[in-house]
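Colleague: I want to go through the calls on this model one by one. Tell me what each label rests on.

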Amino acid sequence: GIDISAYQADEIDLLNSKQDTLSFIICRATLGVPVTDPDFKNNWTLIPQKGFIRGAYHFYECSDDPKQQAQHFISVIGSLSANDFPPILDFEQAGLAGVTNVQQIQNDLLIFLSEVETTTGRTPVIYVSPDFADIYLNNNAFAKYPLYVADYDGLNQPQIPATWKSAGWKFWQKNDSVK
């Protein structure tokens, strides 16, 4: 599968499950509190129409209130069908926005995840790179959430952050392009 956002423009229009080897498409829904991906509504509607399983992710901003972010994300994606992926939390270096207190970041992320899980009834997935996770998600409380690991090293298996060593990974993003 692939992930898409407004950065890929009309890529959804070019995809077709009968011609492409993809089975799923994950699209960005929201970024922090105020931002909704301008292509989300179109992408979200077209993904199942084109025969793909769909998923939605929220790009987390540490400088925004976690509960407000969760509520914003949930309000944008609406209800999920049984065929949709669980909600995905995208946690990356760019989302730190100058926030450096690891304990506060972890507490806020857990508030976000709990709010999403309680409201949707689905256990969210965490998208993160191994090295970044080992710094910011080194609390075992995160292990209950499935791991969507971003590891581009090209090995046969991804590097697994310490928190998920026993749980393993659910999804592996092998590169940052559609090569």
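Colleague: Where is the place of Q69?

Modeller: Q69 sits in helix α3. Helices are DSSP runs of H or I with at least four residues, strands are E runs of at least two, and both are numbered from the N terminus. This is a predicted model: local features need pLDDT of at least 70, side-chain atom pairs count only at pLDDT 80 or more, and totals for chains, interfaces and linings use all residues. Residues are numbered from 1 along each chain as its sequence is written, and side-chain values use heavy atoms, with hydrogens and water left out.

Colleague: What does Q69 touch?

Modeller: Leaving out residues up to four places away in sequence, Q69 touches G32, V33, H58, F59, Y60, E61, D64 and F112. Contact means heavy atoms within 4.5 Å. Q69 and G32 are 37 residues apart in sequence, yet their C-alpha atoms are 5.6 Å apart.

Colleague: Which residues of α3 are buried, and what do they pack against?

Modeller: P66, Q69, A70, H72, F73, I74 and I77 are buried. The buried residues of α3 pack against β2 (24-31), β3 (35-36), α2 (40-49), β4 (53-59), β5 (88-90) and α4 (102-120).

Colleague: What is found at the start of α3, and what just after it?

Modeller: At the start, a side-chain oxygen of D65 comes to within 3.1 Å of the backbone nitrogen of K67. A polar contact is a pair of N or O atoms within 3.5 Å; within protein, one must be able to donate a hydrogen and the other to accept it, and residues adjacent in sequence count only if both atoms are side-chain atoms. Just after α3, G78 has a positive phi of about 70°.

Colleague: Why is β4 called largely enclosed?

Modeller: Six of its seven residues are buried, so β4 is largely enclosed by the rest of the structure.

Colleague: What makes β4 a partner of β2 and of β5?

Modeller: Two strands pair if DSSP finds at least two bridges between them. Seven bridges join β2 to β4, and these strands run parallel. F24 has I53 in β4 as its bridge partner. Three bridges pair β4 with β5, again in the parallel sense. There, F59 stands opposite D90 in β5.

Colleague: What is the hand of the β-α-β unit made by β4, α3 and β5?

Modeller: The unit is right-handed. With the strands pointing away from the viewer, a right-handed path from the first strand over the helix to the second runs clockwise.

Conventions:
Buried < 20%, exposed > 50% of the residue type's maximum accessible area, 1.4 Å probe, protein only.
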